[in-house]
Amino acid sequence: MTEYRRIRMVVKSRPTMEGAGVHLHRAIGFGEPQTFDPFLLLDDFRSDSPGEYLRGFPWHPHRGIETITYVLAGDVEHGDSMGNGGVISAGDVQWMTAGSGIIHQEMPKGDLQGRMYGFQLWANLPAADKMMSPRYQGIVSADIPEVSDAAGNRIKVICGQVNGIRGPVRDIVTDPEYLDVTVAPGATFTHPTPRGHTAFAYVFDGKGEFCQQRDPYAYEAVGENYMDVECGPLLGNRHLVLFGDGDAIAVRAEEEAVRFLLISGKPLREPIAWRGPIVMNTQQELRTAFEELQRGTFIKSQGL
């Protein structure tokens with residue numbers, strides 16, 4: 001018998017500022033970093049005001065993680081210290097494995113209406129892979145399959161599998177799944193998830209009922225900024241749902257459709273030493289990384 005995942009906690013993303021002055025909402029990145037293991041950070045950078053994002057994210061390093069950028073509207077120009085560059089446009093995904101180290105920049109440009117909509121997710125790398133050669137998987141919108149079911153639900157499969165259709169992002173060590181799901185009005189969407197994997201949904205349009213838990217007191221409130229009874233059973237824009245364990249998730253839409261990211265991955269259960277854009281396992285590894293930045297020996301591989 002299928003055991004559907006119940007809601008463990010609900011987070012409302014918080015306004016914050018990053019880079020050279022980019023206004024965004026952060027859903028993951030506060031509190032204990034092990035809470036969403038292997039995921040470390042989720043930023044929602046949707047904005048209609050160019051002044052809130054045009055300063056962008058100038059040159060900065062990464063080591064020990066993967067950064068996943070998904071653009072809904074606008075463009076993000078990117079470049080790195082080894083001469084690579086390009087543009088992530090509406091519907092595109094860049095899955096960058098920083099590994100042993102990369103220095104890059106990301107500069108949002110927006111579209112003709114001034115919109116810049118998208119998300120960036122950070123996924124941790126296990127200790128055995130933190131110093132692997134860096135790589136990009138750049139996926140254009142046309143290469144991301146969209147699956148429809150009998151209920152009228154639509155699922156863009158970026159990474160993982162839905163009804164036998166696999167996404168274009170492959171060979172990621174934490175065995176992640178990254179889906180863009182739209183549940184039709186009055187419909188229910190169910191999807192299997194591996195037991196033991198961390199799974200969460202981030203809502204960015206409409207409202208939905210997650211796991212059919214109508215009693216708001218059933219939610220487990222853990223720490224600051226988590227679910228309170230005022231949110232009610234229907235969760236909408238900028239709410240993140242962290243699920244407990246189980247075989248599958250279930251989400252229902254009522255009078256309006258609900259659209260959300262559904263993301264899961266295998267926890268690493270390793271120590272985390274994190275400072276800014278570098279995530280290692282020990283404080284000594286962090287010190288070494290920053291010393292190498294100062295000495296100019298940070299880049300280890302020309303593998304991009």
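Here is a short chat about salt bridges in a predicted model.

Biologist: How many salt bridges does a search of the whole structure find?

Modeller: The pairs that count have a side-chain nitrogen of Lys or Arg within 4 Å of a carboxyl oxygen of Asp or Glu. Running that search over the whole structure, the number of salt bridges comes to 13.

Biologist: Which residue forms a salt bridge with glutamate 3?

Modeller: Glutamate 3 sits in the segment before strand S1 (7-12), and its partner lies 192 residues away, in the loop between strand S18 (188-192) and strand S19 (198-210). The closest N and O atoms are 2.3 Å apart, and the partner is arginine 195.

Biologist: Does glutamate 3 count as buried, partly exposed or exposed, and why?

Modeller: Buried would need under 20% relative accessible area, and exposed over 50%. Glutamate 3 comes out at 41%, so the label is partly exposed.

Biologist: And arginine 195, what is its relative accessibility?

Modeller: Arginine 195 also falls between the cut-offs of 20% and 50%, so it counts as partly exposed, with a value of 45%.

Biologist: Which residues are linked with Glu3 and Arg195 in a network of salt bridges?

Modeller: Glu3 and Arg195 belong to a network of salt bridges.

Biologist: What is the distance between the closest N and O atoms of aspartate 44 and arginine 238?

Modeller: Both residues are buried. Aspartate 44 is in strand S4 and arginine 238 in the loop between strand S20 (234-235) and strand S21 (239-243), 194 residues apart in the chain. For this salt bridge, the closest N and O atoms are apart by 3.2 Å.

How values were computed:
Residues are numbered from 1 along each chain as its sequence is written. This is a predicted model: local features need pLDDT of at least 70, side-chain atom pairs count only at pLDDT 80 or more; totals for chains, interfaces and linings use all residues. Side-chain values use heavy atoms; hydrogens and water are left out. Helices (H or I, at least four residues) and strands (E, at least two) are DSSP runs, numbered from the N terminus. Buried means under 20% relative accessible area, exposed over 50%, partly exposed in between (1.4 Å probe, protein chains only).
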